[in-house]
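Please examine the structure shown below.

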Amino acid sequence: MLKYSQGDKKLTLRKVDEKMRFMTAEPFRIKMVERLKKTTKEQRQQWLKEARYNAFQLKAENVYIDCITDSGTSAMSSEQWSAMMLGDESYAGSKSFYKLEASVQDIFGMPYVQPTHQGRAADYIMAKLYAKEGKYAIGNMHFDTFRGNAEVLGALAVDYVVDHGKDTASPPHPFKGNIDIAKMERLIDEKGPQQISVVIITVTCNNNGGQPVSMKNIKEVSNLAKSHNIPVVIDAARLAENAYFIQHREEGYQNKTIKEIIREMFSYCETATMSSKKDGLVNIGGLFVTRNEEILKQAQQLAIVHEGFITYGGLAGRDLEALAVGLQEGVDEQYLEYRINQAKYLGDRLLENGVPIIEPTGGHGVYVDGRRFFPHIPQSEFPSQRLVVALYEEAGVRAVELGACAFGAKDPITGEDIYPDVEAMRIALSRRVYTNSHMDVIANALGEIYRNRKQYKGMKLVYEGPITSLRHFTAGFDLL
């Protein structure tokens, strides 16, 4: 097993366990395979044109390696498939729900569980309960779904990630997902605590590379918020990956289990939401978890209106069964070691090819720095989106832009574009799906594009939807 230590502001790896030193392969064997379709560059160029150069609009069957998201793309285990056969499809009181409830309580250490059909539904319920019109929602870096909800509800979402977490070229640091306590405290002092409706800690922080949040930071944020009666919510989509980083990078946690770390993390919040399609290792599902009984009652009413009865929450009984098992598999330390190290393997290969990435690599993928990759393309011409298009054109690999389109905003008075600090292309890695040979394909293709980077020009946005924070899903582009 490898652990991180920090010295001279540089992360280094040190070996701490020699007992299984030769067992470095994936902690599973393949039982079923799915054919991948190989295509020509001319075909891919035509499909890009038809999709208006938006990777979300491409047909999945025409993608060779799909890295657009790690959400709902996991390979389920034989134990999960077996559990699905036990699914109780009762409308109310399904025994599958009670299995899931027990699994969630075991991992989160929180008493009340409301399943939803996916994370967005849990996010919607949370926003309805915690995001208030004209009031601030503090976060490290809010992702698009909450920001979209906030925009619709009239809440003010602010990102207070630490400064080195916003700088895609900053040196490696163990916890680039931390919230800046000083900025948070300043806003509370200036606006008054009554103007802050909620603090949302996203673990790991998706926007800036899947970077983790330290336990120390979670505790400090929680203490500050609670001193002003501000509720704390944790976005828990990648809770196990965050716990793994705490175990390997934060002093005092090396001898704690992943479950013990997760339970401490959630002891500092009132409510948690989860897209179970990430660390829950399932293809569909979400969770709303709380320790506040009154909040649960309100969440249940919203779930009945939008999801279905409270014991199925928009999911089939077989999905509840698969998630109950998947949550336990997701906190397995051997699985997590494989998971984190596959992202590191890809990051190391990209660095060998000179490709600029956010360092260190996070838990669920690798983020390529769009501005450093294409320094001649301004943010107004979407350098990261251009990189997404180039990668698919050259290798049939689908990634996603997290930059000027996905996280851009507009001045509410002038309508002028506001560009985000982070300008990146995310290569999200599906869990238990691809091998390191697939990582080599990605690294080799990006290395070739990088060596020829000067021949690429930017893009212009020709269509965007009415909600700016969600426009990247349906946007249309032209090449310049």
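Q: At what angle do helix 9 and helix 13 pack?
A: In this predicted model, local features need pLDDT of at least 70, side-chain atom pairs count only at pLDDT 80 or more, and totals for chains, interfaces and linings use all residues. Residues are numbered from 1 along each chain as its sequence is written, and side-chain values use heavy atoms, with hydrogens and water left out. Helix 9 (residues 239–249) and helix 13 (residues 333–352) have axes 10 Å apart, and helix 9 is roughly perpendicular (65 to 115 degrees) to helix 13, the angle being about 90°.

Q: Which residues of helix 13 meet helix 9?
A: Contact means heavy atoms within 4.5 Å. From helix 9, Ala-240, Glu-241, Tyr-244, Phe-245 and Gln-247 take part. Their counterparts in helix 13 are Glu-333, Leu-336, Glu-337, Arg-339 and Ile-340.

Q: Which residue in strand 7 is the bridge partner of Gly-139?
A: Strands pair if DSSP finds at least two bridges between them. Strand 5 (residues 136–139) and strand 7 (residues 196–202) run parallel and are joined by four bridges. In strand 7, the partner of Gly-139 is Ile-200.

Q: Is Ser-96 buried or exposed?
A: Ser-96 lies in helix 3 (residues 95–108). Buried means under 20% relative accessible area and exposed over 50%, with partly exposed in between (1.4 Å probe, protein chains only). Because its relative accessible area is 0%, Ser-96 is buried.

Methods
Axes are lines fitted to C-alpha atoms, for helices over the stretch in contact, and angles run from 0 to 180 degrees between N-to-C directions. Helices (H or I, at least four residues) and strands (E, at least two) are DSSP runs, numbered from the N terminus. Angles under 35 degrees count as roughly parallel, over 145 as roughly antiparallel, 65 to 115 as roughly perpendicular and the rest as oblique.
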